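Q: I have just opened this one and would like a walk through it. Could we begin with the pockets and then move on to the helices?

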Amino acid sequence: MATRRPPTAAEKEQWKKAVAEIDEKADREQVLEILQQMKQTGIDQVIDRLKAYRKSQGISLRTLEETSGIPRGNLSRIENHQHTPGLSTLQSYAAALGKSVRVVVVDE
């Protein structure tokens with residue numbers, strides 16, 4: 001089991017900066033359209049990867065709540081697949097871990 005560690009000051013600053021750069025309204029509109037097209041396929045895998053990374057780094061939900069601005073209860077519901085987040089929420093979650101979420105739409 002990984003040892004939990006608090007985030008460094010530099011990590012907190014990086015996370016806050018990444019979260020501040022998110023345009024929620026534009027992201028929400030885009031993700032709703034994409035999710036309709038995708039019918040949410042693949043979202044669970046993204047969440048599972050972010051959760052696995054969070055745990056591997058020893059980052060608690062409490063710390064993630066502080067750095068992402070997403071309430072801990074919401075984070076728990078997201079990680080347990082009881083709630084499907086919008087793109088801006090996923091981006092905030094990922095940014096708090098020093099990661100990013102990208103959506104690519106391709107013709108098949």
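A: Gladly, and one term first: a pocket here is an open set of grid points where a 1.4 Å probe fits, with protein on both sides within 12 Å along at least five of seven lines. Please keep in mind that this is a predicted model.

Q: What volume does the largest pocket have?
A: The largest pocket has a volume of about 200 Å³.

Q: And which residues line the largest pocket?
A: Its lining is made up of Val46, Arg49, Leu50, Tyr53, Lys99, Ser100 and Val101, and by class that lining has 4 nonpolar, 1 polar and 2 charged residues.

Q: What does Val101 touch?
A: Leaving aside residues up to four places away in sequence, Val101 touches Val46, Leu50, Leu87, Leu90, Gln91 and Ala94.

Q: Changing topic, which residues touch the most other members in the largest nonpolar core?
A: That core has 18 residues, and those touching the most other members are Leu50, Leu64, Leu75, Leu90, Tyr93, Leu97 and Val101. The elements that give two or more residues to this core are helix H3 (43–56), helix H4 (61–68), helix H5 (72–79) and H6, and H6 gives the most, with 5 residues.

Q: What about Gly98, which follows H6?
A: Gly98 has a positive phi, near 80 degrees.

Technical notes:
Residues numbered from 1 in each chain as written. Predicted model: local features only at pLDDT ≥ 70, side-chain atom pairs only at ≥ 80, totals over all residues. Heavy atoms only, no water. Helix = DSSP H or I, 4+ residues; strand = E, 2+ residues; numbered from the N terminus. Core = buried A, V, L, I, M, F, W, Y, C linked by side-chain atoms within 4.5 Å. Buried < 20%, exposed > 50% of the residue type's maximum accessible area, 1.4 Å probe, protein only. Contact = heavy atoms within 4.5 Å. 1 Å grid on protein atoms, 1.4 Å probe; cavity = no way out; pocket = protein on both sides within 12 Å on 5 of 7 lines; lining within 4 Å. Points joined across faces, edges and corners; volume = space filled by probe spheres on them. Nonpolar A, V, L, I, M, F, W, Y, C, P; charged D, E, K, R; others polar.
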